[in-house]
Amino acid sequence: MDYNTILKDIFTAVKPFSHEGKVADYIPELAKVDPDKFGICLNTIDGDVYAVGDSAERFSIQSISKVFALAMALSVKGETLWSRVGKEPSGTAFNSLVQLEVEHGIPRNPFINAGAMVVADILLTSFDNPADKYLEFLRALSGSKDVCYNEQVALSERETAYLNAAIANMLKYHRNIECDVEEVLRLYFLTCSVEMNCRELAKAFLALADHDELFRYAGIELTRSQIKRLNAIMQTCGFYDEAGEFSYLVGLPGKSGVGGGIAAICPMRYSVAVWSPRLNCKGNSVMGMKALELLTTMTNESIF
Ligand code: DON
């Protein structure tokens, strides 16, 4: 497959969409990003790397962080994790509070904010220093020793986090958070604030694409079956109330973030990360979705 030419063609083909959508500004620090950036990187399971555009520039991974956090929580809790968080698509926004109240504090899935907070609580009770352990894991998976948190982004999010604080308090009320609410929010915002570029993200996601030893090398034990299930949850829940649309247009398990990143995998073939900060009304990158739709159409490689 000539991924090099395909990525270059995608780069040209997405240009007409470059003014669609809006950068996330509910986290004040994120509003400062240049909206016109676009980068994409694809890693094959044979170790080849193809990239175009701003693929070496780091951005805020935001909700993509939830995939790595879930991998860590699954490795320590296994199936017992699912007594505290569901695995059904929510069909609601990532920060919706509605279902959480009706469903007595059990979040629909680990990728909506409520679910990720339960996962953060699990990490806090499972590791001596979860923030360090999380970063260590990401550095090993991505092969970049200087992947870091952006404290300013984490603090900026906390200052305006009225809805997320309500979600955390609702979870605590229903006894689905063991730790202090502020401690859970702190770890949740910190993990969201990690900055990576498309090259690093694609490399980190390769562990989900080849079902191999890559997680073990990064210090996390996951069985093939657990990796398969993690991918299944990305497929059904990775794009919130646009999970059906992403599945329909792209046909890959993936995860988006409000920083404009999307990472996805084609099992036993490749991982891919794309970044463009302008988001659609569901909080997913406009050009990112378009680029991945073109990728699976041009390569004829998707899970369907
Ligand atoms: O909690 C938030 O709102 C952000 N830290 C993460 C949201 C996000 O990335 C949703 N993804 N599309």
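Is Ser-55 buried or exposed? Select Ser-55 to start the tour: its relative accessibility is 4%, so Ser-55 counts as buried (buried means under 20% relative accessible area, exposed over 50%, partly exposed in between, with a 1.4 Å probe and protein chains only).

Before going further, some ground rules. You're looking at a predicted model, in which local features need pLDDT of at least 70 and side-chain atom pairs count only at pLDDT 80 or more, while totals for chains, interfaces and linings use all residues. Numbering runs from 1 along each chain as its sequence is written, and side-chain values use heavy atoms, with hydrogens and water left out.

**Stop 1: around Ser-55**

Ser-55 sits in the loop between strand S2 (49-53) and S3. Helices (H or I, at least four residues) and strands (E, at least two) are DSSP runs here, numbered from the N terminus. Now show the side chain of Arg-199: the Ser-55 side chain makes a polar contact with it at 3.3 Å. A polar contact is a pair of N or O atoms within 3.5 Å; within protein, one must be able to donate a hydrogen and the other to accept it, and residues adjacent in sequence count only if both atoms are side-chain atoms. Not counting residues up to four places away in sequence, Ser-55 touches Gly-39, Ile-40, Cys-41, Asn-197, Cys-198 and Arg-199, where contact means heavy atoms within 4.5 Å.

**Stop 2: Leu-42**

Next, select Leu-42 in strand S1 (residues 39-44). With 0% relative accessibility, Leu-42 counts as buried. Leaving aside neighbours within four places in sequence, its contacts include Tyr-3, Leu-7, Val-49, Tyr-50, Tyr-270 and Leu-295.

**Stop 3: the aromatic rings**

Rings of Phe, Tyr and Trp (its six-membered ring) pair if their centres lie within 6.5 Å; planes under 30 degrees apart count as stacked, over 60 as edge-to-face and the rest as tilted. By this rule the count comes to eleven aromatic pairs. For one of them, pick Phe-59 and Trp-275: the ring centres are 4.9 Å apart and the planes are at 5°, so the pair is stacked. This pair joins distant parts of the chain, with Phe-59 in strand S3 (residues 59-60) and Trp-275 in strand S7 (residues 270-275), 216 residues apart. Both Phe-59 and Trp-275 are buried.

**Stop 4: the ligand**

Which residues come nearest to the ligand? Of the 15 around it, they are Tyr-26, Gln-62, Ser-63, Glu-157 and Tyr-188; a residue is near a molecule or strand if one of its heavy atoms lies within 4 Å of it. By class, the shell has six nonpolar, eight polar and one charged residues. For this tally, Ala, Val, Leu, Ile, Met, Phe, Trp, Tyr, Cys and Pro count as nonpolar, Asp, Glu, Lys and Arg as charged, and the others, Gly among them, as polar.

Zoom in on the polar atoms. A polar side-chain atom of Gln-62 lies 2.6 Å from a ligand nitrogen, and one of Asn-164 lies 2.9 Å from a ligand oxygen. Gly-283 uses its backbone instead: an N or O atom there lies 3.3 Å from a nitrogen atom of the ligand. The protein covers 100% of the 340 Å² of accessible area that the ligand has on its own (Shrake-Rupley method with a 1.4 Å probe; for residues, only the protein chains shown count as cover).

**Stop 5: Ser-156**

Go to helix H6 (residues 151-159), where you'll find Ser-156. At 7% relative accessibility, Ser-156 counts as buried. Its side chain reaches the backbone nitrogen of Glu-29 at 3.1 Å. Setting aside neighbours within four places in sequence, Ser-156 is in contact with Ile-27, Pro-28 and Glu-29.

**Stop 6: two positive phi values**

Most residues other than glycine have a negative phi. Tyr-240 has a positive value, with phi near 55°. Look for Tyr-240 in the loop between helix H11 (224-237) and helix H12 (243-249); its relative accessibility is 5%, so Tyr-240 counts as buried. Last, select Asn-300, in the segment after helix H13 (286-299). Its phi is also positive, near 60°, while Asn-300 is exposed, with a relative accessible area of 68%.
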